[in-house]
Amino acid sequence: MTAIDIPTLGTLLLGLVLVSAAYTFAVSVAAAGGRPHLLRSARFGTFATVALVACAVFLLAYAFQAHDFRIRYVARYSDRSMPAIYLWTALWGGQDGSLLWWTFLSSLYIAGFTWWVKGKFREMQPTMFATLMSVIGFFVVLQLFAANPFQTSFGGAPADGEGLNPLLQNYWMAIHPPALYLGLTGWAVPFAFVVGALVTGRLGEAWIRGARKWVLLAWGFLTLGNLLGMFWSYEELGWGGYWAWDPVENASFLPWLTATAYVHSVMIQERRGTFRVWNVFLLSMTFILTIFGTFLTRSGLIASVHSFARSDIGIYFAWYLIGLCLFVVSLIGWRLPDLRNGRRVGWLEWTVAGVVGVLGGVFLMLAEVAVSWVSRVGVLLAPVAFVALLKGIEWLRLDALRVAPQSHHERRGFESLLSREFAYLVNNWILLGMAVFVLLATTFPLISEWLRGETVTVGPDYYNYWMVPLGLVLLFLTGVGPLIAWRKATGRNLLRAFRWPALAAVVMGGLHLTLGSEVGFPAFVEPNRPYETLTGQVLGSIYSVMPLLSGALCAFVLAAIVQEFVRGAQVRRRSKGENWFVALFELVARARRRYGGYVVHFGIVLLFFGFTGAAYDLEEEASLLPGETMEVGEYDFRYERVVMDEDPNKRMIYTDLTVLKDGSPVARVQPAKYVYRSHPEMPTTEVSIHTTSLHNLYVIMSAVDPQTHRGTFRIIKQPLVLWIWLGGFFMLLGVGIAIFPKISELVELVGGRQPSRAGAAVASALLLLGAGGALSLTPSVASAQSDSSSSLHAGTVVIRDPEERRLFSRLLCECGDCQRLPLHTCGCSWAEGMRAELRGRMERGDSVEAIIEGYRDRFGAGAIAIPSDEGLDRALWAVPITAIVLAAGGLIWRGRRWARAGEQHTTEAAGDDEGAGEYDDRLEEELRSLEGD
Amino acid sequence: MGDATGRGHGDVPGVVWLALVFGTAGGVLALVAATGGLSLPALFIALAAVMLMLGLAAMWQSLRAVFGGGPEALGPSAGERPERTALLEEKATLLRAIKDISFEREVGKISEEDFARLDRAYRRRAKEVLRRLDEDLAPFVKRAERLVARELGEAPKKKRKSKRGRKKGAKAKKKAWPTQACPACGTDNDLDAEHCKECGARLAVRVCSGCGTENDPDAKFCKSCATSLVDEPERRPGAGVAAAGGGSAKEAAETAGPEAKAVRGAGEAGDADDEARGAHGEAKGARSVEDEGELASERTEGASEDEASSRPETQPASSSASGTGSDAETEPGDDADEGVGEDERHGGAAAAGSDGDGSDGASEGATSSEERR
C-alpha cells in the first residue's frame with residue numbers, strides 16, 4: 001500500500017485535464033471572437049492541458065510500477081512477477097489505459113504544434129487550439145465517465161494482479177500500438193487546420209502549406225503503424241499471413257486511403273487553386289475515419305481479433321461522431337460559397353443526390369429484405385436531405401444573413417484530360433473507391449443485422465478477391481501519374497514517356513509466361529472462385545491471371561520511376577554539367593517532395609511484388625517422429641529432436657528441424673511452445689521463420705507429445721514476403737525525404753537560436769522512424785497465438801487439393817474461440833475435426849456448394865466467410881462497384897468539360913502579348929526565387 | 001514550453017521557471033535516491049510531479065494573460081483584403097505553373113508547341129497579376145509618399161527605431177533626407193529648398209549634412225568640414241524615392257532596383273501593421289490629411305515603444321519610415337508565410353504613411369480593384 005492515494009489523485013487529475021481543456025477551449029473561442037490578447041492565454045492553456053495529461057500518464061505508470069492494485073486497471077493487466085518493461089506496455093494493454101495513452105499521444109502532437117505555430121497563422125490559431133482542445137476534451141470525458149483507468153477495484157486491492165495476457169508480453173507490444181496510435185492521433189492537427197481555415201475564412205493555399213508537414217508526418221506514422229501491424233500479425237499471431245482484413249486493420253487502412261488521396265489532390269490545389277471543397281472534405285474525412293475506426297473496434301460492435309471487451313463507450317463515440325459530422329458538414333456548407341467562388345448548390349448536386357437515393361432504393365427492393373417503409377424512404381431521401389441541408393445553410397448565409405462570398409481567382413479548368421492533374425483525380429477516384437468498398441464491407445455485418453436481423457461475416461477472402469482488381473488499377477495509376485506532364489501531355493511525348501515502361505512490362509510479362517513455371521512462379525495460378533455465379537467466375541479469372549498482371553505492372557511502374565530519376569538527372573547534367581551522382585543528389589535535394597514521393601511509389605511497387613507472392617503460398621501439415629522428414633516444395637524438413645527448457649516465468653518446449661534443399665542442410669528452425677506459469681491453460685506457439693530473398697519458410701509447431709516426442713507441424717512456404725518489408729522501408733524513407741526540413745526551417749523552428757539542437761531533435765525523430773522500418777526487416781522468433789491443443793493425428797495431411805482449399809477458405813471455425821479464422825488457416829482441434837468430417841463428405845461426392853449450404857444451415861450465415869452473391873449480400877459488392885463505375889463515368893464527363901473550358905481559356909490567353917514588357921524581368925526574378933519541387 | 005520565456009517588466013523569465021521546476025524535480029530525485037535508491041516507481045512519480053508543476057506553471061501564465069498581466073502579446077491582424085490575397089495566391093499558382101511546364105519541357109514530356117502556347121498564356125496572366133498587384137498598391141504608395149514627406153517635415157525628432165530595424169534600414173538611413181529648419185517657423189525643409197514650404201520665408205542658410213554647420217545658400221562646400229553641398233541633392237532623387245518617396249514608383253524601380261520593392265511593399269506592410277494594432281476605428285475616423293499625419297506619427301511612436309518593450313536596446317532613429325517598416329517586417333512578417341505579404345520582404349522603408357490610414361486605403365483599394373474587374 002502506498003502512502004499517497006493514487007486512484008483519487010488520478011481521477012482528480014483527469015478532472016483537472018477536463019477543466020483545463022474546457023478553459024482553454026473557452027479562452028480560444030474568446031480569442032477567436034475578437035479578443036486577440038487572449039491568444040497567449042490559449043497558448044499557455046494548451047501547454048497546461050498537455051502537461052496535465054502527461055502527468056496523468058506518468059501517475060498511471062507509477063501505479064503500475066508500484067503495484068497499486070487498488071486501481072482496477074492495474075490489477076487486471078499486471079502482476080508482481082512482470083518485468084518493468086511490460087509494466088510499462090501494460091499502460092496500453094487494455095481499454096481504459098489505451099484511451100489515456102491515445103490522449104497522451106494526441107497531446108504530444110498538440111504540444112509540438114503549439115510550439116511550432118507560435119507567430120504563424122495568428123488568425124487561425126485560436127480556432128485551431130479550440131479544435132484540438134475539443135478532441136482532448138472528448139477523450140477525457142470518455143475516461144472520466146465511461147472508462148476511467150484510475151477506477152478502484154471493488155472490494156479493495158487484491159494481493160496480486162491478474163497479469164497481462166501472454167500474447168501481449170512481447171516486445172512488439174512496445175512498438176506496434178504506439179506507432180499506430182501516433183499515425184491515428186496525428187490527424188487532429190491537420191483537422192485543426194481545416195477547421196481554422198473554414199472558420200476564419202482563410203481558404204487560400206496558406207493553410208495547406210502550413211498543414212503540409214503535419215499531414216506528411218501523420219501519414220508517415222500511419223504507414224509505419226500499418227506496416228508494423230502487418231509485421232506483428234505475421235510474427236505474432238502465427239496464422240501465416242500479414243493482413244487479415246480484420247476490422248482493426250481496416251480501421252487504420254481507411255484513413256490511410258483518404259489521406260493518400262489528399263496528399264495527391266492537394267497538389268492540384270497548390271497549382272491551380274481549385275478542388276478546395278474536395279481537399280477540405282478529404283482531410284476532415286481522414287480525421288473522422290480515425291475516430292470512426294476507434295469507435296468500431298472499441299465499441300465491440302464488430303467482432304475482431306483485437307477487440308476490447310464489449311463496453312459502453314460506444315454510445316459516447318457515436319454521439320461524438322454524429323456531432324463531428326454535423327459540425328464539419330455545416331462548416332463546409334457555410335463556406336461553400338467562398339470555396340466555390342460564389343457558385344451555388346445547383347442541379348448537379350441535386351442530380352447526384354437523386355441518383356444515389358434512387359440507387360439505394362433499387363438495391364433495397366432487389367435485396368428482398370423486409371424493411372420498414374421508414375427505412376426505405378430514409379435511404380431514398382437521405383442524400384437529398386443532405387443536399388437540402390447544404391442548400392439551407394447556403395440560403396441562411398447568402399440570402400438571410402447576406403454575408404457576401406469571398407472571391408478568389410477564377411477557375412480555369414484543365415488544359416487537357418491527358419495531364420497530371422487529371423491523373424491525380426483518377427488516383428483519387430480509385431483510392432476513394434477502395435475506401436468505400438472497405439468501409440461498406442467492414443460495416444456490413446452491422447447493416448445486415450439492422451436490415452434483416454441476420455449476422456453475416458465478411459471474411460478475408462472476400463476482400464482478397466475484390467481488392468485484387470482494384471489494387472491492380474491503383475498500381476497501374478501509380479506508374480501512369482508520373483509519366484504524364486503537368487498541365488498537358490501531347491501524343492508524341494506521351495508515347496516517348498510510355499515507351500520504356502511499356503517495354504519493361506512486355507518483357508517482364510514475356511519472361512513470366514515463358515520462364516515463370518521453371519522457377520516456381522507460373523504466370524497463372526489455379527482459378528478459384530468466391531461465388532458460383534458469373535461474378536465469381538470473372539473474379540476467379542482475374543485472380544488466376546493476377547501474378548502475370550501484377551508482375552508486368554510492377555515492371556512498368558518501376559521503369560517509370562527509374563525513367564523519372566534518369567530524365568531529371570539528365571536535365572541537370574545538361575544544364576549544370578554535374579556528374580550523375582551530383583545530379584541525382586541535387587535533383588532529389590531540390591525537389592524533395594516530388595522525388596520523395598517517387599521513392600514512396602518505389603516502396604509501393606515492392607509491396608505489390610511481395611503481395612503477388614501470396615498467390616504461390618504452399619502449405620503442408622504433417623505429424624512426424626524424430627528423424628522423419630516432410631517435404632514442402634523443393635525443401636525437406638527433418639525433425640531432429642525435442643529440447644526442454646525452463647525459466648522462472650515459463651516452461652519452453654523447442655523442436656529442432658533441419659531445412660534441407662537438394663539434400664544439403666541450409667538452415668535450422670526451432671518452433672516452440674511456451675507455457676507461462678501465470679496462464680498454464682494458454683500455451684503460446686513460437687513461430688520460427690526462415691527468411692530468404694525468395695521464400696519465407698514459416699514453421700509452426702502445432703503440438704508435441706511429451707512421451708513419444710511426436711510433433712505436428714504446419715509449414716508454409718511463402719514466396720517474396722521479404723519484399724513487403726523492404727517496400728515498407730522505402731515508403732518510410734520516401735516520407736522522410738519529403739518532410740526532412742531545410743536548415744532554414746530548423747533555424748526558424750527554434751526562433752533562430754539553436755539550429756543544432758532542433759536539427760538533432762528532428763533528425764533523431766526521423767531516424768527512429770526509419771529504424772522502426774529497418775527493425776521490421778530483422779527476422780525473429782516470436783510468440784504467437786495459442787492455437788492448438790490439437791489431438792495428434794498420424795500421417796501427412798495436405799490441403800493441396802484446390803477444391804478442398806476452396807471449401808475450407810469459405811468456412812469459419814466455429815469452436816467459439818477463434819471465430820474469425822477460416823478453416824484452412826485455423827489450427828485448433830475443432831477445425832481439425834471439422835476438416836476431417838468435411839473431407840469425408842467430399843469423398844462421398846457432395847458438391848462444395850452443398851457442403852457450404854449444409855454448414856450454413858448448421859451454424860448460421862455468420863459461419864460462412866464470404867457472403868453469398870444473392871439478395872442483400874449482393875449489395876455488398878454491387879453498391880461500391882456501381883459507385884466506382886458511376887464515379888468513373890462522372891469523372892470523365894466532368895473532366896471533358898473542364899478540359900474544354902481550359903482549352904478555350906488558354907487559346908484566349910495565349911494571344912498577342914501587348915505591352916507589359918516592364919514585368920518580364922520581374923517575372924523572371926520571381927521565378928528564380930521560387931524554390932524547386 | 002518555448003513560450004515560458006516572459007519578456008515584460010517584472011515577469012519571471014521562463015528559464016527561471018524551468019530551472020525551478022527541474023531543480024525541484026532533481027531535489028525530489030536526489031531525496032529518493034538518498035533514502036531508498038532510485039527506483040522506477042520513484043522515477044515515474046517524479047516525472048508526474050514535474051509535469052504537474054509544468055502544467056500549473058503554464059496555467060498560471062495563461063491566467064495572468066487573461067487578467068492582463070504578463071507581456072503584451074501582439075494580437076492577430078484582422079485579415080487581409082480578399083482581393084489582394086486572391087491575387088497573391090494566383091501569382092503563386094501561376095509561378096508554379098510556369099515552373100512546372102518548363103521542367104516538363106526539359107524532361108521532354110510536353111511538346112514544343114504546347115509548351116510555347118501554355119508558357120505564353122501563363123506568363124501573360126502572371127504579368128497581368130503582377131501589374132494588378134502594383135496597381136492595387138498605387139494609392140498606398142501615393143499616400144505613403146505624401147505622408148512620409150509630411151512626417152519628415154513635422155516631427156523628425158520623435159522618430160525612433162529598433163536595432164533590427166536599423167540593420168534592415170541601414171541603406172534607407174544613408175539615403176534619408178537631410179533637412180534644414182526654416183529660420184522663421186522652424187519647419188524642416190529640403191536642403192536644396194530656397195523657400196520654406198510652410199511660411200514661404202527665404203531660407204538663408206544651407207545646413208551641412210555631414211556636420212550640421214549652417215552655410216550660405218549658394219555655398220558649394222561646407223565651411224567647417226568641406227563636405228560637398230552641391231553634389232548630394234543632385235544624386236539624391238532616385239534613391240530618395242525609395243527611402244522617403246519623392247518621385248514615382250516607376251522611377252524608383254528604374255533607379256533603385258531592389259528598393260523599388262520597398263515602395264511596393266510599403267502600403268501592404270503598413271496595412272498589416274495597422275490592422276495588427278486593431279486601429280480600424282481610429283484610422284477610419286482620420287479622413288483629413290492633417291489628421292492622418294498626426295496619427296501616423298503617433299502610431300509610429302507607439303510602434304517604436306512596443307518594440308522598445310521587447311528590446312530594451314532600442315535607440316532613437318532618424319527615420320520614422322524605417323522604424324515602422326522594421327516593425328512591419330518583424331511582427332507581421334510571419335504572415336508572409338500565409339501569403340499575405342510576398343512583397344513585404346523589403347518593406348523596410350516608407351511604411352509610416354499608410355500606417356495611419358491603412359484600412360481606409362484598404363477599402364479604397366478594394367473598390368478600385370473591383371471596378372477594374
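Two residues are taken to be in contact if their C-beta atoms, placed from the backbone, lie within 7 Å. On this basis, in the predicted model examined here, 74% of the contacts in chain A between residues at least 6 apart in sequence join residues at least 24 apart. Chain A contains 28 helices and 11 strands, and buried residues account for 51% of its 933 residues.

The largest nonpolar core comprises 276 residues, and the residues with the most contacts inside it are A:Cys55 and A:Ala56. Helix α2(A) provides the largest share of this core, namely 20 residues. When residues up to four places away in sequence are left out, A:Cys55 touches A:Leu13 in its own chain, together with B:Ala48, B:Met51, B:Leu52 and B:Gly55 of chain B. Another core, of 24 residues, lies apart from the largest one and includes A:Tyr639, A:Val669, A:Ala703 and A:Ile715.

The contact between the two chains takes 68 residues from chain A and 62 residues from chain B. On the side of chain A that touches chain B, at least two residues are supplied by each of the helices α1 (6-32), α2 (39-65), α10 (247-272), α17 (491-515), α18 (534-576), α27 (872-909) and α28 (918-929). Of these, α2(A) contributes the largest share, with 17 residues. By class, this side of chain A is made up of 32 nonpolar, 17 polar and 19 charged residues.

Within chain A, helix α9 (residues 206-236) packs against helix α21 (residues 721-739) at an angle of about 165 degrees, the axes of the two helices being 10 Å apart. Because angles over 145 degrees count as roughly antiparallel, α9(A) is roughly antiparallel to α21(A), and α9(A) passes α21(A) in a left-handed crossing. On the α9(A) side, the contact is made by A:Lys213, A:Leu216, A:Leu217, A:Trp219, A:Gly220, A:Thr223, A:Leu224, A:Leu227 and A:Phe231, while α21(A) takes part through A:Trp725, A:Gly728, A:Met731, A:Leu732, A:Val735, A:Ala738 and A:Ile739. By class, this contact has 12 nonpolar, three polar and one charged residues.

Helix α15 (residues 420-452) of chain A holds A:Leu431, which counts as buried because 24 C-beta neighbours are found inside 10 Å. Leaving aside residues up to four places away in sequence, A:Leu431 touches A:Leu257, A:Thr260 and A:Ala261. A separation of 23 Å is found between the C-alpha atoms of A:Leu431 and A:Ala559, two residues that are 128 residues apart along the chain.

Most residues other than glycine have a negative phi. In A:His67, however, phi is positive, near 55 degrees, and a positive value, near 65 degrees, is likewise found in A:His709. A:His67 is placed in the loop between α2 and α3 (72-77) of chain A, whereas A:His709 is placed in the loop between β8 (695-704) and β9 (711-719) of chain A. With 21 other C-beta atoms within 10 Å, A:His67 is buried, whereas A:His709, with 15 such atoms within 10 Å, is partly exposed.

How values were computed:
Residues are numbered from 1 along each chain as its sequence is written. Chains are lettered from A and ligands numbered from 1 in the order in which they are written. This is a predicted model: local features need pLDDT of at least 70, side-chain atom pairs count only at pLDDT 80 or more; totals for chains, interfaces and linings use all residues. Axes are lines fitted to C-alpha atoms, for helices over the stretch in contact, and angles run from 0 to 180 degrees between N-to-C directions. Helices (H or I, at least four residues) and strands (E, at least two) are DSSP runs, numbered from the N terminus. Angles under 35 degrees count as roughly parallel, over 145 as roughly antiparallel, 65 to 115 as roughly perpendicular and the rest as oblique. A crossing is left-handed if the near helix is turned anticlockwise from the far one by less than a right angle, and right-handed if clockwise. Ala, Val, Leu, Ile, Met, Phe, Trp, Tyr, Cys and Pro count as nonpolar, Asp, Glu, Lys and Arg as charged, and the others, Gly among them, as polar. A residue is buried if 20 or more other C-beta atoms lie within 10 Å of its own, exposed if 12 or fewer, and partly exposed in between; C-beta atoms are placed from the backbone. A nonpolar core is a set of buried Ala, Val, Leu, Ile, Met, Phe, Trp, Tyr and Cys residues joined through C-beta atoms within 7 Å.
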